[in-house]
Amino acid sequence: MNAKETKPMPDVQSESDTRRLKIDRVGVKRLRYPIYFADLEGLAQPTIATCSAYTMLSAHQKGTHMSRLVTLFEEMSGKSAKKPLAIGALRDWSALLLKRLGATSGEIHLAFDFFVRKKAPVSGIESTMDYQVRLSAEVEEGQYREKVEVDIPVTSLCPCSKRISDYGAHNQRSVVTLGATLNEPIFVMDLIRMAEEEASSELYAILKRADEKYVTEYAYDHPNFVEDLVRSIAQRMAVDKRLASFSVEAENFESIHNHSAYAQITGGR
């Protein structure tokens, strides 16, 4: 190796910037990365996450060290990870993020599919349902905040249609989105069950004829307006001490209209 090759490389990112403007958020966005996530059973589930990480950049520094952010995700979820990710595990990673970048505020965001094995209600046949999960951790001037958000598909059946019709009632597939800022960790499955238990019916990937009869009749016996759905779930979230604040959204993809019905409730302690 000659002398030119051994000469130290300049650290351009650490050079001073003369414009003296602080940057509120700088980092990497939409990095696709394989991760292992553990929830209620504690088993590590492989999935693919869309990851983002940002920090504050001081006014005197020219740039941030982007590679350190990618390295953080490698350590969180790659082969070198000591344990799978879980809700509540982002606090330590947020502290490490700020330490490595020399920042006082920063954020970590992950969005991924979460898979659940479910048994059909009559036949007991198993199939896999997918749910969308979004986790975020934010630190600002020493204050830590962790959020979780889950999209849960369910069935809703219209109470008005049931009441006014001689037979039948229109129903639709709905998506319930539950969001929460946490006082303490909560399981994704706990949030999923809150939505599914308050819906007209939960969904399954595979149903035999006996199962289809069951869920059709079950939904008929448990009609829900979109307003009913968000109110029932909000009642449960409002008394859950693990949640500092919460949001419940429901969108019904109407089967007899060319639009959706929508409702939202937010609350907190």
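Where does Ser 58 lie?

**View 1. Ser 58 lies in the loop between β2 and α2 (66-77).**
The model shown here and in the other views is predicted. Ser 58 has a relative accessibility of 22%, so it counts as partly exposed. Leaving aside residues up to four places away in sequence, Ser 58 touches Leu 21 and Lys 22. The C-alpha atoms of Ser 58 and Asp 24 are 8.6 Å apart, although 34 residues separate the two in sequence.

**View 2. Helix α2 has buried residues along one face.**
Leu 69, Leu 72, Phe 73, Met 76 and Ser 77 are buried in α2. Looking down the axis of α2, these buried residues fall within an arc of 100°, so they line one face of the helix. Among the elements that cover the buried residues of α2 are β1, β2, α3 (90-101) and β3. The length of α2 can be checked as well: twelve residues at 1.5 Å a residue should span 16 Å, and the end C-alpha atoms are 17 Å apart, which agrees.

**View 3. Helix α3 contains twelve residues.**
From the first C-alpha to the last, α3 reaches 16 Å, close to the 16 Å expected at 1.5 Å a residue. Which residues of α3 are buried? They are Leu 90, Trp 93, Ser 94, Leu 97, Leu 98 and Leu 101. These residues cover an arc of only 140° around the axis, which puts them on the same side of α3. Asp 92 and Lys 99, on the other side of α3, are exposed. The cover over the buried residues of α3 includes β2, α2, β3, β4 and β5. After α3 comes Gly 102, and its phi is positive, near 60°.

**View 4. Thr 50 is placed in strand β2.**
Is Thr 50 buried or partly exposed? Thr 50 has a relative accessible area of 26%, so it is partly exposed. Not counting residues up to four places away in sequence, Thr 50 touches Arg 30, Leu 31 and Arg 32, and also His 109, Leu 110 and Ala 111. Thr 50 and Phe 112 are 62 residues apart in sequence, yet their C-alpha atoms are 6.4 Å apart in space.

**View 5. Arg 20 and Arg 30 each have a positive phi.**
Most residues other than glycine have a negative phi. For Arg 20, however, phi is near 55°. Arg 20 is found in the loop between α1 (3-6) and β1. For Arg 30, phi is near 60°. Arg 30 sits in strand β1. The relative accessible area of Arg 30 is 61%, so this residue is exposed. Arg 30 is also one of the residues that Thr 50 touches.

**View 6. The largest pocket has a volume of about 320 Å³.**
A total of 17 residues line the largest pocket, and the closest to its centre are Ser 105, Gly 106, Glu 107, Val 139 and Glu 140. Which strands each supply at least two residues of the lining? They are β1 (23-38), β2 (44-57), β3 (105-119), β4 (126-140) and β5 (143-157). Sorted by type, the lining residues of the largest pocket are four nonpolar, five polar and eight charged.

**View 7. Helix α6 runs over residues 209-221.**
The 13 residues of α6 should span 18 Å at 1.5 Å a residue, and the end C-alpha atoms are 18 Å apart, which agrees. Within α6, Asp 211, Val 215 and Ala 219 are buried. These three cover an arc of only 65° around the axis, which puts them on the same side of α6. Which residues on the other side of α6 are exposed? Arg 209, Lys 213 and Asp 221 are exposed there. Strands β5 and β7 (201-202) are among the elements that cover the buried residues of α6.

Conventions. Residues are numbered from 1 along each chain as its sequence is written. This is a predicted model: local features need pLDDT of at least 70, side-chain atom pairs count only at pLDDT 80 or more; totals for chains, interfaces and linings use all residues. Side-chain values use heavy atoms; hydrogens and water are left out. On a 1 Å grid over the protein atoms alone, a cavity is a set of points where a 1.4 Å probe fits but cannot get out, and a pocket is an open set with protein on both sides within 12 Å along at least five of seven lines; lining residues have an atom within 4 Å of a point. Grid points are joined across faces, edges and corners, and a volume is the space filled by probe spheres set on the points. Helices (H or I, at least four residues) and strands (E, at least two) are DSSP runs, numbered from the N terminus. Ala, Val, Leu, Ile, Met, Phe, Trp, Tyr, Cys and Pro count as nonpolar, Asp, Glu, Lys and Arg as charged, and the others, Gly among them, as polar. The expected span of a helix is 1.5 Å times one less than its number of residues. Buried means under 20% relative accessible area, exposed over 50%, partly exposed in between (1.4 Å probe, protein chains only). The arc is that of the directions from the helix axis to the C-beta atoms. Contact means heavy atoms within 4.5 Å.
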